[in-house]
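Work through the exercises below with the sequence and the 3D structure at hand. Try each task before reading its solution.

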Amino acid sequence: MIGKLDLDPVLVARARELAARAGAPVVELARSHTTVSVERAVLRLAGVQGADPDGIPWVNRLVDAVVADVGLGHGVAVPVFDALAREQLADVTLLAQKAAAGSVRFAVPAGRAATTARRAARRAVAAGVRRIDRRRAERERLVRRFGDPPRRPWIYLIVATGDIYEDIPQAQAAARAGADAIAVIRSTGQSLLDYVPEGATREGFAGTYATQENFRLMRAALDESSRELGRYVRLTNYASGLCMPEMAALAGLERLDMMLNDSMYGILFRDINPIRTFVDQRFSRQVHARAGIIINTGEDNYLTTADAVDEAHTVTVSQLLNEYFAHEAGLADWQLGLGHAFEVNPDVPESLRLELAHALLARELFPDAPLKWMPPTKHMTGDVFRGNLLDGFFNLVGALTGQGMLLVGMMTEAVVTPWLSDRDIALQNVRYVLGAAGGLHEDFVPASGGFIQQRAHQVLGSAVELLERVGEQSLLTAIGEGTFGIMKRPADRGKGLDGVVRHEGDYYNPAVEILEGAGS
Amino acid sequence: MTAAPEQAVVPEKQIVRPYGDTTGDGMVQVSFTLPLPHDKRAEGAAIQLAGKMGIDPAMLVHARPMGDGFTFFVVYGRVNHLVDTSVVRVVERDFPLLSAKEVNAVVKRQLRRKLSVVGACIGTDAHTVGIDAILNVKGIAGDKGLEYYRELRVSNLGAQVSVPDLVAAARAEQADAVLVSQVVTQRDAHLHNTREMSAAFREAWPAGKRPLLIVGGPRFDEAMTAELGVDRIFGRGTTPGEVASYLVHTLITSRRAATV
């Protein structure tokens, strides 16, 4: 690695080794447990669609019915396809409806019946995975036809009206104004819903519900924009939360291009049970890997609650863990949108040099990952003039350190949801800086042994120390004791714990079997 | 230093105007967007709006088309409005600001037990930035949070806490004060949530026994305490030190003064 920071390759290797040591027991946990959301995702891939008249998805009703009869530990695939055969039904959604009405009993079959059910389940899920494969091929074709953005970083903009039919014209206007990726912010609190809402939605709090139909509508609208603009405009949504596996499946089926998917965000910031999160995360990332989706991790969140100078190393540790978990789930480096943020207090002396050191450290540790560079939020005070200047410096650091994606900062952060004019001014800022200094990274070489190099070495050193400490106990203990962020999150507490079950000896999940490339 | 005793307590009429570069020039700067394509007519419309806002003469210094059919304007000009500061009503700080050491000393000497504080973000609000700035040791801008105060026992329940859970926690912790942070304001969620919370506490405790209820957030009007059923509202820029000082003043110092 020919780096600008002169990082010690032995120390970098040590950091990765420690991240693997901390993560391995968690992967083992994920391989030996399932959750209601993993099982619902399997059913979605097998073709269960729609919701009951109260809006509860049929996948939820079906999983609940299976759990009531035989529990979750065998996986739902075999009991469901066994019942399908016994009831002589052709359609799994029909089975879900009958099960919800109480007219179907589920069992765990043995012998020949079990083999038949497994084979049928695998066939149905394979059809779902093939649909994801087709959507991926379609993306590759469209990118070839319309082209990628002409430069890095990609410009990433957010829409958040709550109404999908308002989001669409806003997203198309943002694309026309230069956005390469559009993220539709979800309604506040959706991450804590243990089901995925259905249909097109027009009401949300500070964001729009993520539903399969909303995904489809927005992707179709951006395909139109891509055609008009002659570049493929990417669409982003959020997997993180209680429904990570299902969100991943729906994103793959509707050709979303990027998904927020962090290994610890749900635990630390949403108080979701740690085991639930790690099990859901592994499955969701396996689906993302197959779908060719780029994940965006959430390290910026650490710095909104902790100090960006004192806690800079926790960002590095989280990036290393996210990388380990992502690779383990089959994601390639080009799919790792590891996050980090410009959140050093601007009143701290040399704050810009600190930012450069942190951003360059992430760049050099993960040379092949499309890093996601997040704008200042914590030190945006409502002084929109100063905020615009801060965003300019943020853009400059992004250009100087070769970031992959740049989330456009708004000077009205913490004041209002962005106005049309706020977005326009913010994009002018980005265009000016990238236009004026887009190639400056070629000339920007920090002095050997100087402030930036020293700071980067210091942060990496602290990250390795923290990982050493984590490794002596276990990642779950470390999270329980509040090592990441200030929140303490014990493994036996948190939301969604009642949806986690250890595998029985005959557990079967055709989706995992297909995604891991085993059997056939 | 002691100030000379003042005779007059009636506030004097004090008139000010906005200040550009000369006293009394009345100059302001505004920006806005009109849903019109950029042309002479749109610029005329912007000047008309500025005129109706009391800006006269209005100088249109910048106009920029945005997307299809929108134009952004920046206008400078003189307003004819006068501001009378003697009729401005605000909530002034009505308690002395104490250091952490002083707060601890008052609690230890006069309360003779730890003062119990329970904090949370309620409703669907997941923004713990505010409550964490006040409660976490880290605090904000060098002012340490309430967890740092030795004589305070702090329980931070975090985000998206339901009102019944908050009431239960306040009971379990024998809370002297409950701090609630609300950042999300879509559809006045912060006001609805606060009213729901104060009603639940009124129901759960006899009058005069319930914990002190304090809400904070960037979009609250500090004068709305009665309307929201809380004891105090803290707005943008509140520091942990102010909250701690308010707590000891209200729960300890002023109560003793009243009963002695």
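**Exercise 1. Which residues does R122(A) touch, not counting residues up to four places away in sequence, and is R122(A) buried or exposed?**

Solution. 
Step 1. Apply the contact rule: two residues are in contact if their C-beta atoms, placed from the backbone, lie within 7 Å. With residues up to four places away in sequence left out, R122(A) touches P510(A) and E513(A).
Step 2. Locate the residue: R122(A) lies in helix α6 (residues 111-146) of chain A. Helices are DSSP runs of H or I with at least four residues, strands are runs of E with at least two, and both are numbered from the N terminus.
Step 3. Count neighbours. A residue is buried if 20 or more other C-beta atoms, placed from the backbone, lie within 10 Å of its own, exposed if 12 or fewer, and partly exposed in between. R122(A) has 21 C-beta neighbours inside 10 Å and therefore counts as buried.
Step 4. Check a distance: A77(A) is 45 residues from R122(A) along the chain, and their C-alpha atoms are separated by 8.3 Å.

A note on the model: it is predicted, so local features need pLDDT of at least 70 and side-chain atom pairs count only at pLDDT 80 or more, while totals for chains, interfaces and linings use all residues. Residues are numbered from 1 along each chain as its sequence is written, and chains are lettered from A and ligands numbered from 1 in the order in which they are written.

**Exercise 2. What radius of gyration does chain A have, and what does chain B have?**

Solution. 
Step 1. State the rule: the radius of gyration is taken over C-alpha atoms, and the globule rule is 2.2 Å times the number of residues to the power 0.38.
Step 2. Apply it to chain A. For 520 residues a compact globule would have a radius near 24 Å, and the 23 Å of chain A agrees with this. The C-alpha trace of chain A spans about 70 × 55 × 40 Å along its principal axes.
Step 3. Apply it to chain B. For 260 residues the rule gives a value near 18 Å, but chain B has 24 Å. Its C-alpha trace spans about 70 × 55 × 35 Å along the principal axes.
Step 4. Buried residues make up 58% of the 520 residues in chain A and 33% of the 260 residues in chain B.
Step 5. In chain A, 77% of them join residues at least 24 apart; in chain B, the share from residues 24 or more positions apart is 66%.

**Exercise 3. Which residues touch the most other members of the largest nonpolar core?**

Solution. 
Step 1. Define the set: a nonpolar core consists of buried Ala, Val, Leu, Ile, Met, Phe, Trp, Tyr and Cys residues joined through C-beta atoms within 7 Å.
Step 2. Read off the members. The largest core has 175 residues, and L62(A), V80(A), I182(A), M247(A) and M259(A) touch the most others. Helix α17 (residues 451-472) of chain A contributes the most, 9 residues.
Step 3. Take one member. Leaving aside neighbours within four places in sequence, V80(A) is in contact with L43(A), L62(A), V66(A), V92(A) and L95(A).
Step 4. Find the other core: a second, separate one of 44 residues includes L98(B), F220(B), Y246(B) and V248(B).

**Exercise 4. Which strands stand at the edges of the open sheet of chain A?**

Solution. 
Step 1. Write the order. The sheet has 9 strands, β7-β6-β5-β4-β3-β2-β10-β9-β8 (chain A), with parallel pairing; two strands pair if DSSP finds at least two bridges between them.
Step 2. Look at the ends. β7 (336-337) and β8 (339-341) of chain A each have a single partner strand, so one side of each lacks a neighbour in the sheet.
Step 3. Inspect one pair. Strands β5 (residues 258-260) and β6 (residues 294-296) of chain A run parallel and are joined by 3 bridges. M258(A) stands opposite I294(A) in β6(A).

**Exercise 5. Which residues form the covered face of strand β7 (residues 152-156) of chain B?**

Solution. 
Step 1. Recall the pattern: in a regular strand the side chains alternate between the two faces of the sheet.
Step 2. Sort the residues. L152(B), V154(B) and N156(B) are on the covered face, and R153(B) and S155(B) on the uncovered one.
Step 3. Find the partner. Strand β6 (residues 115-121) of chain B runs parallel to β7(B), with 5 bridges between them. In this pair, S116(B) stands opposite R153(B).
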